[in-house]
Amino acid sequence: MGYARKVGWVTAGLVIGAGACYCIYRLARGRKQNKEKMAEGGSADVDDAGDCSGARYNDWSDDDDDSNESKSIVWYPPWARIGTEAGTRARARARARATRARRAVQKRASPNSDDTVLSPQELQKVLCLVEMSEKPYILEAALIALGNNAAYAFNRDIIRDLGGLPIVAKILNTRDPIVKEKALIVLNNLSVNAENQRRLKVYMNQVCDDTITSRLNSSVQLAGLRLLTNMTVTNEYQHILANSISDFFRLFSAGNEETKLQVLKLLLNLAENPAMTRELLRAQVPASLGSFFSKKENKEVILKLLIVFENINDNFKWEENEPAQNRFSEDSLFFFLKEFQVCADKVLGIESHQDFLVKVKVGKFAAKLTERMFPKSQE
């Protein structure tokens with residue numbers, strides 16, 4: 001009886017695996033859908049989520065970067081012993097199999113092809129493969145297929161109804177950075193949907209912790225930041241990140257240009273919500289934050305950081321909150337803004353900055369900030 005049961009399980013696994021592989025093969029017959037099918041970075045549309053400010057950032061992820069191919073983790077069979085001729089051949093076959101699985105789903109699907117989108121039955125088979133497989137190259141290929149299909153609004157509902165959200169979210173526990181990145185990309189694409197956001201909010205703390213503790217500037221960290229940016233397009237779930245704002249400023253200070261810009265998109269979403277203003281002002285900021293207003297810093301970074309500060313300044317009633325000002329620590333963003341004029345003059349040298357737009361924007365903001373914090377009536 002035990003033997004028959006084992007045979008049955010093995011047969012069922014082979015059937016599901018074969019069906020899912022066929023789904024991935026169908027997707028690979030064309031080229032992956034062009035980027036026009038996916039929302040552009042900076043768009044603020046959320047399916048059925050009502051009105052969203054056009055300045056909100058809604059980031060999409062793409063898998064066109066073939067540089068990941070050299071970083072993929074390949075599963076080798078037990079008999080592929082290093083140093084033996086048979087082992088060398090087995091390892092070569094494993095690498096080739098991984099490459100075929102990866103390239104099959106990375107090919108661009110023709111926008112006019114019927115094979116671009118998987119049917120609900122095929123999506124279910126791919127989800128079964130994600131749930132049952134432990135081989136990294138199979139998980140990677142299946143997750144890419146799901147991410148491509150999640151680019152379509154109607155598929156976001158289908159994948160959710162098939163129970164795909166917890167199946168993909170469970171992959172976040174993996175230690176394989178490539179597989180984790182692909183899982184974050186799938187959740188990122190699925191999160192552009194109000195109902196999906198409502199169900200994904202329970203994973204925001206885990207994603208936030210993973211993002212902050214991941215290797216600095218890594219693809220996993222960037223994918224996590226994009227997902228959190230999508231989840232903060234509306235105001236409903238921003239409060240979940242309140243205790244992590246200091247960590248985001250730390251990432252901004254330590255990261256490269258790409259990480260800085262991604263963190264700024266997230267902070268811009270938070271800064272537009274008046275309910276998050278106190279949390280932002282309470283956040284601890286690195287002493288090096290003022291150094292970003294230098295002539296060597298990227299213009300886009302300076303301007304976006306200024307917009308964050310402007311939104312916070314506009315949303316905070318300085319006069320009404322004067323009694324509460326002593327509650328902010330000296331290393332908080334509140335005290336940084338109080339010293340902003342001195343910081344800008346010392347580090348940036350407004351009058352001599354080479355970019356006219358930056359010089360004007362910094363000057364206007366410093367004057368506005370001084371007027372709000374130190375009104376003439378108090379002089």
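1. A residue counts as buried when its relative accessible area is under 20%. F336, at 12% relative accessibility, therefore falls in the buried class. The structure under review is a predicted model, and the points below should be read accordingly.

2. Overall composition. The protein chain contains 17 helices and zero strands. Of its 379 residues, 51% are buried. The accessible surface is about 18600 Å², and carbon and sulfur atoms account for 51% of that area. Among contacts between residues at least 6 apart in sequence, 75% join residues at least 24 apart.

3. Nonpolar core. The largest nonpolar core comprises 81 residues. L146, F248, F309 and F340 have the most contacts inside this core. In soluble globular proteins, nonpolar side chains tend to be buried together.

4. Surroundings of F309. F309 is buried, with a relative accessible area of 0%. When neighbours within four places in sequence are set aside, F309 is in contact with L289, F293, L333, F336, L337, F340 and F365.

5. Aromatic pairs. Eight aromatic pairs are found in a search of the whole structure. In one of them, the ring centres of F252 and F292 are 4.7 Å apart and the planes lie at 45 degrees, so this pair is tilted. The pair links distant parts of the chain, 40 residues apart: F252 belongs to helix α11 (residues 245-254), whereas F292 lies in the loop between α13 (277-282) and α14 (299-315). Both partners are buried, F252 at a relative accessible area of 0% and F292 at 6%.

6. A further ring pair. The rings of F309 and F336 have centres 5.7 Å apart and planes at 55 degrees, so this pair is also tilted. Separately, ring pairs join F316, F328, F334 and F335 into a cluster.

7. Helix α7. This helix covers residues 177-190, and its 14 residues should span 20 Å at 1.5 Å a residue; the end C-alpha atoms are 20 Å apart, which agrees. Of these 14 residues, 13 are buried, so that α7 is mostly covered. At the start of α7, a side-chain oxygen of D176 comes within 3.0 Å of the backbone nitrogen of I178.

8. Backbone at N217. N217 has a positive phi of about 70 degrees, although this residue is not a glycine. N217 is located in the loop between α9 (204-213) and α10 (219-231). With a relative accessible area of 26%, N217 is partly exposed.

Notes:
Residues are numbered from 1 along each chain as its sequence is written. This is a predicted model: local features need pLDDT of at least 70, side-chain atom pairs count only at pLDDT 80 or more; totals for chains, interfaces and linings use all residues. Side-chain values use heavy atoms; hydrogens and water are left out. A nonpolar core is a set of buried Ala, Val, Leu, Ile, Met, Phe, Trp, Tyr and Cys residues joined through side-chain atoms within 4.5 Å. Buried means under 20% relative accessible area, exposed over 50%, partly exposed in between (1.4 Å probe, protein chains only). Contact means heavy atoms within 4.5 Å. Helices (H or I, at least four residues) and strands (E, at least two) are DSSP runs, numbered from the N terminus. Accessible areas come from the Shrake-Rupley method with a 1.4 Å probe; for residues, only the protein chains shown count as cover. The expected span of a helix is 1.5 Å times one less than its number of residues. A polar contact is a pair of N or O atoms within 3.5 Å; within protein, one must be able to donate a hydrogen and the other to accept it, and residues adjacent in sequence count only if both atoms are side-chain atoms. Rings of Phe, Tyr and Trp (its six-membered ring) pair if their centres lie within 6.5 Å; planes under 30 degrees apart count as stacked, over 60 as edge-to-face and the rest as tilted.
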